[in-house]
Amino acid sequence: MRKLTPRSVLLGLAAPVGALVFAAVVSAIILAVTGHAPTDAVDAMARAAERPRTLVNAVNSATYYYLAAVAVAIGFRMKLFNIGVDGQYRLAALLSAALAGAAFMEQLPSFLRITVTIVVAMLVGAAWAGLAALLKVTRGVSEVISTIMLNAVATYLVSYLNRPERLAVSTAGSNNIGTPKITEGGQVAGFTVEGSSSKLFGLIFLAAAVGVLYWFVLSRTRFGFELKATGLSESAAVASGVNVKKMVVLSMLLSGAVAGLVGMPQLLGSSYSYSLDFPAGLGFIGIAVALLGRNHPIGMAIAALLWGFLANTANSFDTSGIPREIVDIMQGVIVLSVVVAYELVRRYRVRAEQHAVGGALGRTKTLEEVSS
Amino acid sequence: MSTEPPAAVELTGITKRFPGVIANSDVNITVRAGTVHAIVGENGAGKSTLMKILYGMQPPDEGTIAVNGAPVSFGSPADAIRAGIGMVHQHFMLADNLTVLENVVLGSEPRKGVALDFAAARAKIRDISDAYGLGVHPDRLVDDLGVGERQRVEILKVLYRGARVLILDEPTAVLVPQEVDELFGNLRELKAEGLTILFISHKLDEVLSVADDITVIRRGTTVASVSPSDVTARELAELMVGSALPVPELRDSTVTAKPVLTVKNLTVTGADGRLVLDDISFTIHAGEVLGIAGVEGNGQAELVEALMGIHAPNAGRVTLGDRAGNQRDITRASTRHRREAGMGYIPEDRHRQGVLLEASLWENRVLGHQTRPPNNRGPLLDRKGAKADTRRIVSEYDVRTPSIEVNASALSGGNQQKLIVGREMSGRPVVLLASHPTRGVDVGAQAAIWDHIRRARAQELAVLLISADLDELIGMSDTLAVILRGRFVAEYDPRTVTPEQLGSAMTGAGKEG
Amino acid sequence: MRRTRGVRLAAALLALGIGLAGCGAKNNDTGSGGGTPTSGAPAAGLKIGLAYDIGGRGDQSFNDSAARGLDKAKTEFGLDVKELEATAGETEAQKEDRLRQLVEGGYTTVVAVGFAYAEAIGKVAKDSPEVKFAIIDDFTDGVDTGANIANLTFAEQEGSFLVGVAAALKSKTGNVGFVGGVNTPLIQKFEVGYTAGVKAVKADATVQVKYLTQPPDFTGFNDPAKGETAAKGMFDAGADVVYAAAGGSGNGVFKTAKANSKWGIGVDSDQYNQPALAEVKDVIITSMIKEVDVAVYDFISSVKNGSFKAGQKVYDLKAGGIDYATSGGKIDDIKAKIDEYKAKIVSGEIKVADKK
C-alpha cells in the first residue's frame, strides 16, 4: 500500500509542490499589483542562489530552524503544543553563554567545555519546558497558555539577567550588552566554504544527529510509539497502559531539551555571546517549519532549508528594489497553503484506502470457510 | 396500495463502483411513507455504502433517488437534510465535553437577532424529547451519558433538524432488550406522526418485530423484499448469508477451582459523588466465563475500567492469579502492569479505547501490547515481529483488508473489532475483559469470535463477559450476574435462565439477589 | 513516520529543484550585468549605501532622522543612493550580508544605522579597506573600529538631562515620568540623564520609570497603544510631565497627555514640528534633539570633500548634535534656567553620567 508506486510518489509530491506553486503565484500577483516585476524577484533569488555566502547563511539559518522545528514536533506528535520553544531557547542560550564565557571555564579542555555548555543549555530548556508540563499534569493548565506566558516570563528574566551587575559585561562605547565573549576554547569551529565570508556552523552535525535521533526514537522505540498513540487517541493510550501524565512530562522535557539546543549553533559558531542582537523568534519559525515538514525528520530538514534560503534572500530583494516583506508573505502563504494541501491529499488518501478495503471485501466468505 | 401517497424514498437501479469492486449493484428499494423499513444484510454486504449514497455522502454511479416522488440528487449530507433525510450513525458524533443542548444545536445554532437563543432551543429539545419519550435532558454533559442515552441524543439531533426520514444504522447494537423495546416504542410513535424510518440491522428478531417491510441485501445487491409476516428469522438469516445461523453455546464446562480474578468489595464513586459501583465481589476461575447482564449505564463501564486500572476504585481489592496459581494484589497496579500480567481488554467503545483510527493495522496490533513480544525488543519496537503477528491475526480472525499498512479507519467496524479480539487474545492472556465482543460484527465473524473464546477458555482463560445480547450472554457464560445501579442484584445459572427473567432482573422488576 | 519517507523527500527535493532550476535559467540574463542598482540619481562619483535598523525609513523616529540626513546630502550632492532595511529577529550574518551586498554593488560609502551593526561593520570594513564606513551609536574598541570606520556617537544623557531640568521646573506635582521604548543600555542613557536633570532641580522629585518592552521584543519603539497605557498609569499616579524616549510609541504618550491635560517631552527630533504629531503638538513642551541627520550629512560631506576621519566623533551639547527644542514656546519662561545648566555641562562643570 505504502510502497513507492508512481501514484504514491505523485501523491506525496502533490501537497508540497502544489503549495509552493500556489505561494509563488500569490506572491507574483502581489508583486505585480504593487507595481513590481515578478521577474525581478526571480532574478534576485537567482543572484542569491549564486552567492556562496547567501547559501552558507541559508544553511546556517536552517540549522537552528531545524532544531526549533524538532523541538516543536516532539510535542506535536502527541498533540502537545509547545509554543514556548522561543522562551526556552533564549533562556538556555543566555545561561549557557554566561557559563561558557565565565573565566573558570577556560581551564577545561575544549571538548569538555563545549559539551558542558551544550548540556547546560539542554537542561535549562528542559527545566523551563518542565514547568509547563508540571502545571499541566498537576493543575490541568493548558500547555498552550502556560508556554506562551513562560515566553513572556523568559523575556523578562533574560532582560533582568542580561545586565552588567548580573551575567552581562558592558563594553565602553558599546550600546550592546551581553555575556562575556566565549574564548576560542569554548567555540565550535566552522567550515570554510570557498567564496563565502561566512563559515558553515560546525554544529550542523549536532542538528543532523538530533534529526536522526528524533527519527529513531519516534519510529523505532516503544516510547515513540506511545507518544504517537497518545497523540492519536488519549483514551486509547490510557486503556493500553500508557501513563499519559508521564508522557506529557517526558515529551515536554525532551522538547525543551532540544529547544535548549536551538541557540547553540549561533552562540558557539558565530556570536560567542548572548547579547541584544541574538536572533529572536526562532521558536515561532520552528512551529512553521514543523508544520511545513509535517513533523517528519526529512520533511522538516527540507522545510528548514527552504525557510533559511527565503530568509536570506531578503537582502537580495531589497537590493533589487523589491520589498523585503515579500519574503514574509511567501512564507505565510506557503504555510497556509501547505496545511490546506496536506489536508486535501490526506482526505484523498483516506478515500483511496477505503476503496482498497472495499476491494478486499468484494468476496464474502461463506460460513463454512470461516469456521473451518 | 394504489391509494397510498408516493413512496417516501425510492431507490432505483443504484450502482456504485469503487476501483476494482462493485459496492452496490442495481439496488432497488421502495420505502413507503410512514413505515419502518428494515434493510438487513451481513457486514460488508453494501448497506453502509447504500446509506451513504442516500445520505448524500457519496454520489451513485448509476441509478436514481426519489424523495416523495420527486427525483433528487444529493451533493452532500446538507442536501439530504434539506430534503428531510436524517441519519443516526452507528458511531456517535457527539462532543463529550458539551451539553446535550450544545451538541444538538451545534451547526444549526438558534438565533434571536444576532444572539444565540438557547432558551428556545432548550424548549424545543424538551418538546421533542417528551413527544417521543426520549427522556433527554438538554443540560446534561454528554460525557456523563451512557451509550443508550447518547444514541437518543443522536436521534433527537436529527429530529431537531426537521428530518422526516430517519436512517438508523444498527441502532439496537448498543441497547438492552428493555431499551430496545423503548426504542421501538419511539419508532412507532415517530411512525404514527407520519415519519419514515429506515432501519439497518442484522438482528433478525428485532427486525421482524418492528419492521413493516424488509429488504435483504447480499453482496451489494437486493436479493429479496419481504414482509415480516411471510418469513421466519431463520429464513431471513439464510437470505442474508446463505447458511444457518451460528449459536452461542458452551458445550462442556471447563471451570476449574483455580481463582484467576478475585474482586472483593469493589466500590467506585462517580464524578458527581454518586456511587457507581457499590460493593461488588466476585471470583472468576480459570476456564470460567462470568457473564454480566445489565442495562447500559449501570456500572459495567466503571467496573471494567476499575479492573483495567484506568480509574482507581475508592475501596475494595482486586487480586489476579497467574497460571501457577500465585495470587497478586493488583488493586493499585497500573494498567500496563495489569496488561503485562495477562489481562486482555476488549473495550465497549472501540473508537475511544480500542483502536487508533489514524494508525496502521500493525501499529494497532502493538497498541496495549507494546511492552511484550512479538512487538518489542527491550525499549525498541520490533516492527518485523509486530507485522508478522498482525498478518497472523488478519488471517486467523478473517480481518478483511488489502494490507496491514492501511489505517484502521479504512476498516469497517466489524473488521476493526475482529482485529481487537485477535490482538487481545494474543500472547495467552489469563483473563479477558470483554465488553460486547461481537458488537457490530457479521454472523460469520461472530461465530469465529465465540469459537476463539471457547478455545481459550478450554485452555484456562478466565473471561468477564459484558454484553447487551442476552442470547450471547446466556450461551457463552458459565455464571451469570445481573448488575443494577452499580450492584450485583441477582445471579443465575445460564443453563436454566430465560432472557425474560434476565430482562426483568436487569430493570429491577425481578427478585432481589 | 510510516508514510513513505522517500516520497516526501523526493517531493521536497523536487520542490526545491523547481525553485532552483527556475533561478538557474534566469542566471544567464543577469550574470554578465552584475547587480544593477535600480534606484538613485545618475551617479556623480559617490555611491552611498545606507543600512537601516529595524523599522527602516518611515519609522517616525531614529531611522527617519538618518534618512533626512541622507536626503539632504542627496539633493545637495546628487548622489547614487541605495537604502536597505533590517528584519526583526535576524542574525548578525544577515546584517553582514547586507553590508557586503552594498559593497559588492559598488557603494563605496556605507552608513550603518544602529549599534546592532557593530560586529558586522567591523568584519566587512576589514575586508573592504577602499570603502568608507560610518556606524551610528556605537564605538567599541576592537569590534567596530578601524582606519575606514567613523563611529558617530551621541551624548543622549546630556540632552536628556536638560529636558529633565525642564520637566522638573514645569512640574507642579514634583512627580514626572519616563517612558522608554525598549530596555536597552542605549535607552537607559536617556533615563539616567533625565533623572539626573530632574534631581538637579528638585532633589525630592519622584521619577516614574517604565520601559514598554524588554529585548528581544523591540516593538516598544513602535507601539503607541503601549505608550498610551504606560503614560496613563503615570498620570494617574500623579505625574504631570512624561518624557517619551520611545520612538513611534511617543505618539501614544502625547495623546494621553492631551486627554489628561498634562505635558509630554519628545525625543530624537523636534517633535513639536513633526507633521504626524500636529494634533497633539501643544502638549509637547520640548524635545531632546539627537541630530542623527546632521551626523549622517556630516559624514557624507566629509567623504565627498575628502576630509573623512576615522574613529569616534561625539555629538554632544558642546559639539552640537544634541540639544533641546523650544518650538511652541512652552518653556520660554524657564529657558534661561535650562541654558544655565547647558552652559555648565558644556564647560564641564556638570558631568552627566551615562550609566546608573
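This briefing covers cores, surface, chain shape and salt bridges in the structure above.

The model is predicted: local features need pLDDT of at least 70, side-chain atom pairs count only at pLDDT 80 or more, and totals for chains, interfaces and linings use all residues. Side-chain values use heavy atoms, without hydrogens and water, residues are numbered from 1 along each chain as its sequence is written, and chains are lettered from A and ligands numbered from 1 in the order in which they are written. The structure holds 55 salt bridges over all chains. Its largest nonpolar core has 100 residues.

**Nonpolar cores**

- A nonpolar core is a set of buried Ala, Val, Leu, Ile, Met, Phe, Trp, Tyr and Cys residues joined through side-chain atoms within 4.5 Å.
- Buried means under 20% relative accessible area, exposed over 50%, and partly exposed in between (1.4 Å probe, protein chains only).
- In the largest core, A:Leu268 and A:Ile334 have the most contacts inside it.
- Helix H3 (residues 52-76) of chain A gives the most to this core, with 14 residues.
- Helices (H or I, at least four residues) and strands (E, at least two) are DSSP runs, numbered from the N terminus.
- A:Leu268 touches A:Ile114, A:Thr117, A:Ile118, A:Ile182, A:Gly186, A:Gln187, A:Val188 and A:Leu203, leaving out residues up to four places away in sequence; contact means heavy atoms within 4.5 Å.
- A second, separate core of 61 residues includes C:Leu50, C:Tyr194, C:Phe299 and C:Val303.

**A buried position in chain C**

- C:Val292 sits in helix H9 (residues 292-304) of chain C.
- C:Val292 counts as buried because its relative accessibility is 1%.
- C:Val292 touches C:Phe62, C:Ser65, C:Ala66, C:Ile136 and C:Phe154, not counting residues up to four places away in sequence.
- The C-alpha atoms of C:Val292 and C:Ser65 are separated by 5.6 Å, yet the two are 227 residues apart along the chain.

**Surface patch on chain A**

- A:Val21, A:Val25, A:Ile29 and A:Val33 form a nonpolar surface patch, with about 370 Å² of accessible area together.
- Patches take residues with over 30% relative accessible area and no salt bridge; like charges are joined within 9 Å, nonpolar side chains (Val, Leu, Ile, Met, Phe, Trp, Tyr) within 5 Å.
- A:Ile29 lies in helix H1 (residues 6-33) of chain A. At 49% relative accessibility, A:Ile29 counts as partly exposed.

**Shape of chain B**

- Chain B has 17 helices and 24 strands.
- The radius of gyration of chain B is 23 Å, close to the 24 Å from the globule rule for 513 residues, so chain B is as compact as a globular protein of that length.
- That radius is taken over C-alpha atoms, and the rule is 2.2 Å times the number of residues to the power 0.38.
- The C-alpha trace of chain B spans about 75 × 50 × 50 Å along its principal axes.
- Of its 513 residues, 58% count as buried.

**Salt bridges**

- A salt bridge is a side-chain nitrogen of Lys or Arg within 4 Å of a carboxyl oxygen of Asp or Glu.
- A:Glu226 and B:Arg336 meet in a salt bridge (2.1 Å, N to O). A:Glu226 lies in helix H8 (residues 222-232) of chain A and B:Arg336 in helix H10 (residues 335-340) of chain B, so the pair joins two chains. Both A:Glu226 and B:Arg336 are buried.
- B:Asp389 pairs with B:Arg365 in a salt bridge, with the closest N and O atoms 2.6 Å apart.
- A:Asp318, A:Arg324, C:Glu90, C:Lys95 and C:Arg98 are linked in a network of salt bridges.

Definitions and conventions. Areas by Shrake-Rupley, 256 points an atom, 1.4 Å probe, with all protein chains shown as cover.
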